[in-house]
Amino acid sequence: MRKLIALSASYGAGGNAVGQALAERLGVPFVDRAIPVKVAEELQVTFEEADSFEADSPGRLERLLRGFVGLDATGPTPLPPDALTSDDFRRETEKVLLGQCETGEGVILGRAAAIVLHDDPRVLKVRLDGPRDARLRQAMRLGEVDEAPASRTLDHLDRTHADYARELYGADITAFEHYDLLIDSTRIPIDTCIDLICTAARAEDDAAAAAPRGG
């Protein structure tokens, strides 16, 4: 059974809920917040800056980095122009993803992991998505947030996640060719989504068991 899942999810598709529960079901780490922590340590920037790398378009983040970056508790330290770029963040993020991949297990949420790890057969690549209005309703329900802020967040993240994949990898994050399994998680209950992903993760073992043996 494959225990390495690259999970991509649009806002309101329940990625965090599915990812955490899936990791518990498989008995593997849920790799989400750990990614910006490690990137921040390597680049000596704040966690907030590393965490915003996916939540903001790389071009915008790069402009912000040309200002002040906090290196220690005493306050921000000015960096020379071009000291840090989106390529630095991309490379460090990819190092974390590849390092997790080498462990052979984990549920990795976001960071275009399905694109970065596309050619690794150990990785099951999954996308959770759904119609905008349905995702908005689900975001309000799961996050207990009002419609106006949820709508603003949805539009912002849809745009910036698309920018992230396009600017860094020349890819459409919603394109089916990046994934082994695509689920409309606004129509299929979260628990059933988890069951479907686990079934897909077992499929390789089932196929191997059913294959005729030589001899």
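Colleague: Which residues of α8 are buried?

Modeller: This is a predicted model, so take it as such. In α8 the buried set is Ala150, Ser151, Leu154, Leu157, Thr160, His161, Asp163, Tyr164, Ala165 and Leu168.

Colleague: How far apart are the end C-alpha atoms of α8?

Modeller: They are 32 Å apart. Helix α8 covers residues 147-169, and its 23 residues at 1.5 Å a residue should span 33 Å, so the two values agree.

Colleague: And what comes just after α8?

Modeller: Gly170, which has a positive phi of about 60 degrees.

Colleague: Back inside the helix. Is Arg152 buried or exposed?

Modeller: Arg152, which sits in α8, has a relative accessible area of 57%, so it counts as exposed.

Colleague: OK, salt bridges. How many are there in the whole structure?

Modeller: A search turns up ten.

Colleague: Which residue does Asp155 pair with?

Modeller: Arg132, with 3.0 Å from N to O. That pair links distant parts of the chain, since Arg132 is in helix α7 (residues 132-143) and Asp155 is in α8, 23 residues apart. Both ends are partly exposed: Arg132 has a relative accessible area of 30%, and Asp155 has 33%.

Colleague: What else does Arg132 bridge to?

Modeller: Asp133, where the closest N and O atoms are 3.7 Å apart. Asp133 is partly exposed too, at 49% relative accessibility.

Colleague: What about Arg135, which partner does its side chain meet?

Modeller: Asp158, in a salt bridge of 2.9 Å from N to O. Arg135 is in α7 and Asp158 in α8, so this pair ties together parts 23 residues apart in sequence.

Colleague: Is Arg135 buried or exposed?

Modeller: Buried, because its relative accessible area is 6% and the cut-off is under 20%. Asp158 is partly exposed at 28%. Through shared partners, Arg127, Asp129, Arg135 and Asp158 form one salt-bridge network.

Colleague: Switching topic to the nonpolar side. Which residues touch the most other members in the largest core?

Modeller: Ile5, Val18, Leu22, Val107, Leu128 and Ile197, in a core of 22 residues. Elements giving two or more residues to this core are β1 (4-9), α1 (15-26), β5 (106-109), β6 (123-129) and α9 (190-210).

Colleague: Which element gives the most?

Modeller: α9, with seven residues.

Colleague: And what does Val107 touch?

Modeller: Leaving out residues up to four places away in sequence, Val107 touches Ile5, Leu7, Gly19, Leu22, Ala23, Leu26, Val28, Pro29, Phe30 and Val31. There is also a second, separate core of 18 residues, and Ala6, Cys101, Tyr164 and Ile173 are among them. Tyr164 is one of the buried residues of α8 we began with.

Colleague: Nice. Zooming out, how many helices and strands does the chain have?

Modeller: Nine helices and seven strands. The chain has 215 residues, and 47% of them count as buried.

Colleague: What share of the contacts joins residues at least 24 apart?

Modeller: 70%, among contacts between residues at least 6 apart in sequence.

Colleague: Last one: what is the accessible surface of the chain?

Modeller: About 11000 Å², with 51% of that belonging to carbon and sulfur atoms.

Notes: Residues are numbered from 1 along each chain as its sequence is written. This is a predicted model: local features need pLDDT of at least 70, side-chain atom pairs count only at pLDDT 80 or more; totals for chains, interfaces and linings use all residues. Side-chain values use heavy atoms; hydrogens and water are left out. Helices (H or I, at least four residues) and strands (E, at least two) are DSSP runs, numbered from the N terminus. The expected span of a helix is 1.5 Å times one less than its number of residues. Buried means under 20% relative accessible area, exposed over 50%, partly exposed in between (1.4 Å probe, protein chains only). Contact means heavy atoms within 4.5 Å. Accessible areas come from the Shrake-Rupley method with a 1.4 Å probe; for residues, only the protein chains shown count as cover. A salt bridge is a side-chain nitrogen of Lys or Arg within 4 Å of a carboxyl oxygen of Asp or Glu. A nonpolar core is a set of buried Ala, Val, Leu, Ile, Met, Phe, Trp, Tyr and Cys residues joined through side-chain atoms within 4.5 Å.
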